Amino acid sequence: MREFTGTWMRHSGDFWGGFAAMLVALPASVAFGVTVYSAVSPHHAAFGALAGILGATALGLIAPTFGGTDRLISSPCAPAAAVLTAFAMQLVTQGVEPFAIVLMMTVLGILTGLLQMLIGFLGVGKLIKYIPYPVVSGYLSGVGLIIIGGQLPTFAGAPTGSRWFEVAMNPQVWDLRGLAVGGVTVVAMLGAPRLTKAVPGTIVGIVAGILTFAGIAIVDPSMRTLQDNLLVIGPLGATGEGYVQLITDRWYQIGEMTLSQVAALIGGAVTLAALLSIDTLKTCVVLDQMTRTRHDPNRELAAQGLANVVASTIGGMPGAGTMGASMVNLSSGGETRISGIIAGVMTLVVALLLGAFVAWIPIAALSGVLIVVGLRMIDTDPLRFLESRATVLDFSVVLAVVAVALFVGLIAASATGVILSIILFLREQVGGNVVRRKSFVGQRSSTWYRPEAEMHRLEQKGNTAVIFELQGSLFFGTTHRLYQTLEPELATTDYLILDMQRVQSVDVTAAHMLNQVRDVLSERGVPLLISSVRERLPNGRNLREFLELAGLSPDGEKVILMPTLEAAIEWVEDRLLGDVAKVDDSLPPLELHEIALFNGSKPDTLTDLAGCMEMRACKAGETIYARGDGDNNLYLIRSGEVRIMGLVGGSNRLCHIATFGRGEFFGGLAFLDHRPRGNDAIVSKDCELYVLTQEKFNYLAEEHKRIAFVLVSQLARTLAVRLRHTDDELTMLQEN
């Protein structure tokens, strides 16, 4: 029962929303049709009314059925009326017969729909998602103001064709009867939510306007007739004699058109398809903004194209998803695509069966509804951008879109907004710093844990090797500033590392700058190291391939590409240390007294300690211990290498934490705190180990307290040195 009630309530909202949208879309569709066909010939005005009705019906039935946007109402619209009127007027001046003009408008509408379907199938509609919020906000507010400005003359009862500012400056043209009807409609629509939730405010407002009109008509006999009554919609002309015959004749005549005549219409069809597509998708974006939903632009365009093909085929006006009717649908309770279908069905039913009743609906009441809708469309959130200097320019984009929409047009407004947003984006990119951090090898360390003497030497010589971690987009707007940052180091550094881990894109200008850096360094015999050179950037480009094509091919001397920053640092460390860092794999395994941990220990101490040690040989790839193991042994490397691997964040991906080589120890933390292992130890080169188990150490602690004390002291000291170095490095990273 609850599910049935919920379904009924939702579809009840769709019904009221569709019905209210029909009340807005129907008279507008009739008006657009009359406007277009009147340009063909005054005798075609009645045909234009029916063309508007048929267009609204076809669009209302087909677009929501096959489209993917809830609450969207499709009907003949201003862009279609403007293009077709201009098209008809041009042909009239050329002396083309009216029947031929109607024929070509039919073909033009069909071509427009086919192009829209093609755009949808090709996936071009997805580009709409890249329209910035300030553009959407400005467009929304601009449309709202246009609706208000367009309805004010009708609201005031001024003569047809009057402009809002002319009406505002000339009270003598106001019709107080229309003002009264429109004013009551606005008040009722705004106050309806406080009185009832069951009936949409739009319906309440229209009913209030009709009752007000009826009340005034009691004392004003001129309002009780449709003849020359400018306060009501008037006869729709839906039964114009000869219209069916005209449609039939039209299809016979289409077969007689030549390919050259059809081809001549393609330019106009492209223009109309672009305007209708943008108008539809803009409305969809606004609906998404207001309802927190997401539409499918390609599906919607394909559906709109199919609807326009059908509408034109049956002699109707083409159109698009319209803002005004969609906003009325939304504010009246429409929730799904069913509301759009209901609007289409009700358009035909009302036009054919209730034409006499619709004819008596006051135009001022519809104007009042649209004025309220326009007010609700104005987005005031961008006003907060004025509170900070950092966002004032974003507000200027909104303002520019509104201004262009009011004084030029909606399509031009969209283009203006997108262009300004791109300019602001480039400004932010140019003003941003592409150097995330500058540091020196002496401040950083590779994943190779080195003996204390080597670490001290690296701290002394590490300032001759500079690291620049880059970020963001390296393009023509940031290249000059980056080169200025690098230039002071080019004359003094012995090694230069550029890390690309956080770089999002690189253009040809930036690659040319890197070539300049390489040439300057090569004059001094200094190599350029570029690390984290990925094969796939977020923009899909292969960075390694791009750099090579741009002239930065790795040659081992001038340009060296490294997979990671740690690998680059390790490469530099080896050269700063010179022969100290060289390890001859052919050397015999170290004895206990040769391991740095036991430097200065007495021979008898080492003898007793060696008796507690186990010797173990491991092959490359073998896991010594894994994360979570209870193994708490201490391992000393006699020869070979061992890598420590840990998990990245909460993922299951292993990353390289450290490498221990000949003479080093690992596993010290678990040896001291007896907790499970926090990482994996994997042999990277065949190695031989000394292993001190916890049991043997406990024996030493009981029988040879001095030996145990010396071991723990040396172990703690070495771990403290490592921890201090790590702490200094973390502090440096935090400061940058």
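**Notebook: helix pairs and cores**

I began with two helices and noted that Thr106, Gly109, Ile110, Gly113, Leu114, Gln116, Met117, Ile119, Gly120 and Phe121 of H4 meet Asn298, Leu301, Ala302, Gln304, Gly305, Leu306, Asn308, Val309, Ser312 and Thr313 of H12, where contact means heavy atoms within 4.5 Å. Helices (H or I, at least four residues) and strands (E, at least two) are DSSP runs, numbered from the N terminus.

The model is predicted, with local features needing pLDDT of at least 70 and side-chain atom pairs counting only at pLDDT 80 or more, whereas totals for chains, interfaces and linings use all residues. Residues are numbered from 1 along each chain as its sequence is written, and side-chain values use heavy atoms, with hydrogens and water left out.

I then looked up the axes (lines fitted to C-alpha atoms, for helices over the stretch in contact, with angles from 0 to 180 degrees between N-to-C directions) and found that those of H4 (residues 98-122) and H12 (residues 297-313) come within 7 Å and cross at roughly 165°. H4 is therefore roughly antiparallel to H12, given that angles under 35 degrees count as roughly parallel, over 145 as roughly antiparallel, 65 to 115 as roughly perpendicular and the rest as oblique.

My next pair was H7 (residues 176-195) and H16, whose axes come within 8 Å and cross at roughly 45°, so the two are oblique to each other. Among the residues making this contact are Gly178, Val181 and Gly182 of H7 and Ala364, Ala365 and Gly368 of H16, and the residues divide into nine nonpolar, four polar and one charged.

Turning to the nonpolar cores (sets of buried Ala, Val, Leu, Ile, Met, Phe, Trp, Tyr and Cys residues joined through side-chain atoms within 4.5 Å), I found 46 residues in the largest, of which Leu23, Met323, Met327, Val328, Val369, Val373 and Met377 touch the most other members. Helix H16 (residues 363-377) gives the largest share of this core, seven residues. Leaving aside neighbours within four places in sequence, I noted that Leu23 is in contact with Ile203, Ile206, Ile361 and Leu366.

Finally, I recorded that 49% of the 736 residues of the protein count as buried, meaning under 20% relative accessible area, with exposed over 50% and partly exposed in between (1.4 Å probe, protein chains only).

How values were computed: Ala, Val, Leu, Ile, Met, Phe, Trp, Tyr, Cys and Pro count as nonpolar, Asp, Glu, Lys and Arg as charged, and the others, Gly among them, as polar.
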